[in-house]
Amino acid sequence: GLGLNARLKGITTPQGSYIIGQSKVLNTQPSPFGTGQILRMSNTLLYFKFKRGIKIRPGTRKAEFEYLDRGGTVNVSANNGNLYVGNMLAMPASIVVNGVTITKINPIPILNAQGTKVGEKGTLNFKSPSDITTIIIGGQELYLDNFCFN
């Protein structure tokens, strides 16, 4: 069958520093987001590594999860490729990293009281015509929910 390992690691800042905070599973939701227990990333990232068991079965070729970014730096990558380090609002709608297309689906801006964009929520989709071996997702003020791997 398919195997999945997940590790918690620190994030890389735009200046190239490595910092690590903590992650928590929350039962409450910030703003309207999530469906129960959600993962709060605070200067941390998840490093997923997929393993294939039976050779005749395809591995993971699609992964998707909902995100709420409340500002700061995010780290996103796949297949041990170049790491996107920056703000989720500034991240292109779609990027390709080592053959994996990473797409923001239905991003909705989060506004502060003055009407300024301070974050966004949506779905992050990872898709590849061949096996996805690794996924990295994390940030300074990032919430994740509804993980789906297939």
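1. Burial and overall dimensions. Of the 150 residues in the chain, 41% are buried; the model under review is predicted. The C-alpha trace spans about 55 × 35 × 30 Å along its principal axes. Among contacts between residues at least 6 apart in sequence, 66% join residues at least 24 apart.

2. Secondary structure. The chain contains 13 strands and zero helices, so its pattern along the sequence reads β-β-β-β-β-β-β-β-β-β-β-β-β. The radius of gyration is 15 Å, close to the 15 Å given by the globule rule for 150 residues, and the chain is therefore as compact as a globular protein of that length.

3. Pairing of strand 6. Strand 6, residues 62–69, pairs with strand 11, residues 117–127, in the antiparallel sense over eight bridges. Within this pairing, Y67 stands opposite G122 of strand 11. Strand 6 also runs antiparallel to strand 13, residues 142–149, to which six bridges join it. Here the bridge partner of D69 is L142 in strand 13.

4. Aromatic pairs. The count of aromatic pairs comes to six. One of them is formed by F65 and F147, with 5.1 Å from centre to centre and 40° between the planes, and is tilted. This pair links distant parts of the chain, since F65 belongs to strand 6 and F147 to strand 13, 82 residues apart. F147, at a relative accessible area of 33%, is partly exposed.

5. The second pair at F147. F147 also forms an aromatic pair with F149, and this one is stacked, with 6.3 Å between centres and 25° between the planes. F149 has a relative accessible area of 27% and is therefore partly exposed. F65, F147 and F149 belong to one aromatic cluster, which also includes F48, F50 and F126.

6. A charge over a ring. The ring of Y47 has the charged end of K9 sitting over it, 4.5 Å from the ring centre.

7. Nonpolar cores. Which members of the largest nonpolar core touch the most other members? Among its 25 residues, these are V76, I102, L124, F126, I137 and L144. A second, separate core has five residues, including F33, I38, L68 and Y143.

8. Surroundings of L124. Leaving aside residues up to four places away in sequence, L124 touches A63, E64, F65, Y67, V76, M91, I102, T103, K104 and I137. Among these neighbours, V76, I102 and I137 are also listed with L124 as residues that touch the most other members of the largest core.

9. A loop residue. T13 lies in the loop between strand 1 (3–12) and strand 2 (18–19). Not counting residues up to four places away in sequence, T13 touches I19, T73 and V85.

10. Points to follow in the model.

Technical notes: Residues are numbered from 1 along each chain as its sequence is written. This is a predicted model: local features need pLDDT of at least 70, side-chain atom pairs count only at pLDDT 80 or more; totals for chains, interfaces and linings use all residues. Side-chain values use heavy atoms; hydrogens and water are left out. Two strands pair if DSSP finds at least two bridges between them. Helices (H or I, at least four residues) and strands (E, at least two) are DSSP runs, numbered from the N terminus. Rings of Phe, Tyr and Trp (its six-membered ring) pair if their centres lie within 6.5 Å; planes under 30 degrees apart count as stacked, over 60 as edge-to-face and the rest as tilted. Buried means under 20% relative accessible area, exposed over 50%, partly exposed in between (1.4 Å probe, protein chains only). A charge sits over a ring if NZ of Lys or CZ of Arg is within 6 Å of the ring centre and within 35 degrees of the ring normal. A nonpolar core is a set of buried Ala, Val, Leu, Ile, Met, Phe, Trp, Tyr and Cys residues joined through side-chain atoms within 4.5 Å. Contact means heavy atoms within 4.5 Å. The radius of gyration is taken over C-alpha atoms; the globule rule is 2.2 Å times the number of residues to the power 0.38.
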